[in-house]
Number of protein chains: 2
Amino acid sequence: MSKFKNVGIVGLGLIGGSLALEIKKRGIAVCVTGFSKRLSTLKKAKEQGLIDEYLVNFEDGLKDLDFLVIATPINVIKNYFVQIKRCKPALFVIDVASVKERVVKDADAILGWNSNFVSCHPIAGSEKSGIDAVKERLFENKFVIVTPSEHTREENLLKVKEFWRLLGSIPVIMSPSEHDRLLALTSHLPHLVVYSLISLVEESGEKRERLSNCIGTGFLDTTRIGKSSPELWTEIFMANKKNLFFWISKFEQNLSEIKEMLGKNSCEKLTEKLKILKQIREELDEKGRDI
Amino acid sequence: MSKFKNVGIVGLGLIGGSLALEIKKRGIAVCVTGFSKRLSTLKKAKEQGLIDEYLVNFEDGLKDLDFLVIATPINVIKNYFVQIKRCKPALFVIDVASVKERVVKDADAILGWNSNFVSCHPIAGSEKSGIDAVKERLFENKFVIVTPSEHTREENLLKVKEFWRLLGSIPVIMSPSEHDRLLALTSHLPHLVVYSLISLVEESGEKRERLSNCIGTGFLDTTRIGKSSPELWTEIFMANKKNLFFWISKFEQNLSEIKEMLGKNSCEKLTEKLKILKQIREELDEKGRDI
C-alpha cells in the first residue's frame, strides 16, 4: 500500500527530481505531481517518468495533495508558505533547503505554530544542478537532518522520519541553529574556500595554459564543488552569513597558526599537527563506511 | 631494444615504485635496481616484480647503473648528490620531487655544471604513499614538468623528454622558479587550505558524531588530499615557503573580498563572481580531457 495518495514536488532540480524518481520507484505515492515555473522542466520530468502529472499553477494543484515537498531555492520558499496558508493550511509539507533557521522561522510566522510543516536537509547532492542532474538512489545511506521547531508535532516528526527511511536515508534530529552552525563548517565554508582557490587561478596573472600543466587530480578533486550553481550558493552564503563569518574567522586564525609554524621552521610541530589531521580525515571516511 | 641497461631507483614509494613498474612493463630497461633504506620495502618490491635486483648500499650499486631516478623525500636528495659526485659523477640522473629550485641549486652546487642531472616533477600521484600505493599507468597522460638549470645540456633534456614520453607522459619545460611559483598555487596552497579545514573539525568543540552527520561527499572530496603523508608535506611546505606565503596572502585578500560582498549583501556581484569561477573550473576539466 502506498503511503501517500498524491505527493506534490515543487522544484524539479537535482534534489526535487531525484526525490520524485525515488518516490515513484519505491511506490511511496499513488501519484507524483510536479510543479515548476518552467514548462520545459515539467515536460521533461513527465517524459522521463519522474512525475505522473504536472501543473504550472501551484495553488490549483494544492487541493489534491496529501504531501508536498518544497525543493526550490531558499529565497522563494516563503512565497510557497503564503500560498499554502491561503489554500491548504493543514497540508503535510517539508522543505529540503540547505539553510534551516530562516526557513523554520518563516514557516512558524506564516504557516503558524499548528501547521504540519517539518524542515529537512538531505546531506546528498553533487556539484551538478537541474533536472539533468537527477540521480537514482541519491538518498540511499545518506543522512537527512530533520530540524523541528518548538511547535513541530511528534506525529509529524515520526511521519517525516518514516518517509526518509523509505528512501533509504538515515534521519537525524537537530535544532535549526545546530544544523546551520554545523553545515556552515562542513559545507558552506569549504565551498567559500574553494571559490577563493579558483579565484587565484583567475587573478594570478599567470598564463592559464602553464597553470593547467601544473594541475593534477588533487586540485581538481579539491575544487570540484566550485562547479556548483552560482545562484544557489549565493543564496546559501547569504542565508547563513552569521555562522559562515564565525567559521571564516576560525579558519583565518588556523591559517595564521600554520603560517607561524612555517615562519619558525617548526617542522616537528607541523608534522605532528598534520598527523593528527590525517587521522581525523581518515576517521571521517570510516564514519561514512559505517552507515 | 631497451633504452637503458640498468636503471636504479632510490626510494620505492608511490612515485618510485610506480616508475619501476612502468619501466619494467614497457621494457625501457634490461634491469631495474631498487635502493631503499628499508630492506622490507626492497623485498616487497622484488616480490611484486617491480624491480629485478636490490641493494641496501647505494654507492655499491651506482657503478653498474646507466640511469638513476631519485624518488626520495626532498630533504635527503642532497645526500645522494654527494654520493653520486664521489662515485659516478657522469651518471645520467633525474629526481621527481615536488619542489625544484632547491633541488636544482643543490645539484648545480654538488654535481657541478657539467653533470648529467635533470630535475623533473610528474604531476601524478594521490593522497596515498609508500610501496603499497604503487599504481599501474600512473604517469599515462600526465604532465611532467622538467626544470633544466642554465647548465643542463640539450642532449640530456631530449633524453629525459623521451624517457617520460615512453611512460605515456607529456613533458613540459619550465624554469625551477616558474615551477615552484605555479605549484605553490595549484598544489601546495590547496593542501595547506585543506589541512586548515580539517583543523576546524578538530578544534570546533562540536561533537564529532554530530559533525559527521553533516558531512557529505563535497567535504570528503575537497579534503581527500588531507590524507597525504604528513612528513612529505611538511617538507614540501618548508621547501617552498617563499612562494606559499605569497599565495596565502593573495588567498587571504580574496577571502576578504568575498566577506565584504557578504557583509554588503552584494548578491548580484557575488553571483557574477561565482559564475566566472564555475566557468574557469569547468575549463580546467576540459584542459584535462584534451590531453
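How many of the residues of helix 1 of chain A are buried?

Modeller: This is a predicted model, in which local features need pLDDT of at least 70, side-chain atom pairs count only at pLDDT 80 or more, and totals for chains, interfaces and linings use all residues. Residues are numbered from 1 along each chain as its sequence is written, while chains are lettered from A and ligands numbered from 1 in the order in which they are written.

Helix 1 of chain A is mostly covered, with 10 of its 12 residues buried. A residue is buried if 20 or more other C-beta atoms lie within 10 Å of its own, exposed if 12 or fewer, and partly exposed in between, the C-beta atoms being placed from the backbone. Among the buried residues are L14(A), I15(A), L19(A) and I23(A); G16(A) and G17(A) are also buried. Helix 1 comprises residues 14-25 and reaches 16 Å from its first C-alpha to its last, close to the 16 Å expected at 1.5 Å a residue; the expected span is 1.5 Å times one less than the number of residues. Helices (H or I, at least four residues) and strands (E, at least two) are DSSP runs, numbered from the N terminus. Just after helix 1 of chain A, G27(A) takes a positive phi of about 60°.

The cover over the buried residues of helix 1 includes strand 1 (4-10), strand 2 (29-35), helix 2 (39-47), strand 4 and strand 6 (116-122) of chain A. Contact here requires C-beta atoms, placed from the backbone, within 7 Å.

The sheet of chain A is open and mixed, with 8 strands in the order 3-2-1-4-5-6-7-8. Strand 3 (53-55) and strand 8 (170-173) of chain A stand at the edges, each with a single partner strand, so one side of each is left without a neighbour in the sheet. Strands pair if DSSP finds at least two bridges between them. Strand 4 (residues 67-70) and strand 5 (residues 92-95) of chain A pair in the parallel sense over 3 bridges, and V93(A) is the bridge partner of L68(A).

In chain A, 14 residues of domain 1 are in contact with 14 residues of domain 2. On the side of domain 1 that touches domain 2, helix 4 (74-87) and helix 5 (101-110) of chain A are the elements that give two or more residues.

Technical notes. Contact = placed C-beta atoms within 7 Å.
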